[in-house]
Amino acid sequence: MKNILIVTGHPQWERSVANKGITDALAALDGKIEFSNIRELYPDGNIDISAEQKKLAEADVVIFQFPIQWFGAPSLMHRYMEDVITYGFSYGPGGDKLKNKPFVVSCTAGAPESAYRETGAEGYTMDEFMYPFLALARYCGMKWVGYVCSYEMMNPSPALCSAHAKRLLDMIEAL
């Protein structure tokens with residue numbers, strides 16, 4: 001198994017059900033996964049940039065795990081991207097530390113999948129919500145693998161969380 005880094009960016013981790021459940025299921029399925037839970041590691045919001053860059057540089061596969069909030073990643077994930085995915089590290093001269101690394105988004109949504117259509121409640125597809133991550137991957141020279149999204153995850157069962165974890169690991173195994 002490859003060295004997998006999962007950066008978890010749930011802003012209310014202590015109240016999370018789905019993202020905690022997925023993380024627990026992933027931890028049970030594979031021992032080569034390193035988790036970087038930015039809410040738990042940096043409750044004051046001051047991210048240890050060099051520590052996080054080291055984790056990214058050492059990973060074979062990078063996964064961002066978060067709930068969809070306001071049509072994208074929570075501000076906590078954006079803060080991580082702004083602070084850690086930087087010029088000279090991820091892009092620009094010498095910024096090749098993420099080059100060719102597979103990149104996957106693992107997300108949860110409270111609404112049903114049918115809401116993520118042009119005619120659905122959200123008005124856009126989940127594919128459209130992923131464009132910023134596709135752009136991040138391209139900008140940093142990463143390999144966009146895709147995303148795994150589980151819908152209707154407001155109060156998921158452990159079985160739903162395990163199914164999400166299995167789909168994610170199956171995607172990675174196929175690399």
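**Close-ups of a predicted model**

At 47% relative accessibility, Lys166 counts as partly exposed, that label covering whatever sits between buried (under 20% relative accessible area) and exposed (over 50%), with a 1.4 Å probe and protein chains only. This is a predicted model, where local features need pLDDT of at least 70, side-chain atom pairs count only at pLDDT 80 or more, and totals for chains, interfaces and linings use all residues. Residues are numbered from 1 along each chain as its sequence is written, and side-chain values use heavy atoms, with hydrogens and water left out.

**View A. Lys166 pairs with Asp170 in helix H7.** The two side chains meet in a salt bridge at 3.0 Å, N to O; the term asks for a side-chain nitrogen of Lys or Arg within 4 Å of a carboxyl oxygen of Asp or Glu. Asp170 and Lys166 are 4 residues apart, about one turn of the helix. Asp170 is partly exposed too, with a relative accessible area of 41%.

**View B. Helix H7 and its buried face.** H7 takes in residues 158-173, 16 residues in total, and reaches 22 Å from first C-alpha to last, close to the expected 22 Å at 1.5 Å a residue. That expected span is 1.5 Å times one less than the number of residues. Helices (H or I, at least four residues) and strands (E, at least two) are DSSP runs, numbered from the N terminus. Cys161, His164, Ala165, Leu168, Leu169 and Ile172 are buried in H7. Seen down the axis, the buried residues of H7 fall within an arc of 130°, so they line one face of the helix; the arc uses directions from the helix axis to the C-beta atoms. Their cover includes strands E1 (4-8) and E4 (102-108), along with helix H1 (18-29).

**View C. Lys54 and Glu58 in helix H3.** Here the salt bridge comes in at 2.8 Å, N to O. Lys54 is partly exposed at 48% relative accessibility, and Glu58 is partly exposed at 49%.

**View D. Arg79 and Asp83 in helix H4.** Their side chains form a salt bridge at 2.9 Å, N to O, one of 5 found in a search of the whole structure. Arg79 is partly exposed at 36% relative accessibility.

**View E. Asn37 in strand E2.** The strand covers residues 33-37. Asn37 counts as buried at 9% relative accessibility. Leaving aside neighbours within four places in sequence, Asn37 is in contact (heavy atoms within 4.5 Å) with Thr8 and Trp13.
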